[in-house]
Amino acid sequence: MLGDYLPIVILLGISTLFVAASLAASTLIAPKHPTPSKLDAYECGIEPIRLPRNERYAVKFYVIAMLFIIFDIETIFLFPWAVSFRQFGLFGLIEMGVFILLVFVAYAYVWRSGGLDWEEQDRGLRPALRAARLAAATQRAAAKEVSTGAR
């Protein structure tokens, strides 16, 4: 009985050794030349800045990601239905029509409420946050001029 699990234990051991060896090799071989730009945080194209104390962090990107996952999962339900479409008959067709109608209503609601608008993310920000972003952009531009030697 335990002999049936031997291949699984061997595979687990090999994969654990591979992970350990990969981490050790990357630690030993990787070049270690940190620069300020390499150590700077990068957040999906948004320049990371510290918010003032009373400011809230905008969660627009997370909302968009969650909406994408929800609609993606709803779309996945179409594949098993399409495979067994003939077995369901007219009842299955009507049921899927109702499902698609509900998905479309949810999509229209999100679209109409502005849940998919990227440009509106800065409109609701307070002036202090806008000023902080402008100051951060000005500092980056000045640092770039100094580093390139341009005046």
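Trainee: At which residue does helix 5 bend, and by how much?

Mentor: This is a predicted model. A bend is read as the angle between axes fitted to the seven residues ending at a position and the seven starting there. In this case, helix 5 bends by about 75° at Phe91.

Trainee: How far apart are the end C-alpha atoms of helix 5?

Mentor: They are only 33 Å apart, although helix 5 (residues 85–112) has 28 residues. A straight helix would reach 40 Å at 1.5 Å a residue.

Trainee: Which residues of helix 5 are buried, and what do they pack against?

Mentor: A residue counts as buried when its relative accessible area is under 20%. In helix 5 this holds for Gly92, Met96, Val103 and Val110. The buried residues of helix 5 pack against helix 3 and helix 4 (78–83). Of the 151 residues of the chain, 11% count as buried.

Trainee: Which residues form the nonpolar patch on the surface?

Mentor: The patch is made of Phe68, Ile69, Ile73, Ile76, Phe77 and Phe79, which together have about 660 Å² of accessible area. Helix 3 (residues 60–76) gives the largest share, four residues.

Trainee: Why does Ile69 count as partly exposed?

Mentor: Partly exposed lies between the cut-offs of under 20% for buried and over 50% for exposed. Ile69, which lies in helix 3, counts as partly exposed because its relative accessibility is 47%.

Trainee: What elements make up the chain as a whole?

Mentor: The chain has six helices and zero strands.

Technical notes: Residues numbered from 1 in each chain as written. Predicted model: local features only at pLDDT ≥ 70, side-chain atom pairs only at ≥ 80, totals over all residues. Heavy atoms only, no water. Helix = DSSP H or I, 4+ residues; strand = E, 2+ residues; numbered from the N terminus. Buried < 20%, exposed > 50% of the residue type's maximum accessible area, 1.4 Å probe, protein only. Patch = residues over 30% accessible without salt bridge, like charges linked within 9 Å, V, L, I, M, F, W, Y side chains within 5 Å. Areas by Shrake-Rupley, 256 points an atom, 1.4 Å probe, with all protein chains shown as cover. Salt bridge = Lys/Arg side-chain N within 4 Å of Asp/Glu carboxyl O. Expected span 1.5 Å × (residues − 1). Contact = heavy atoms within 4.5 Å.
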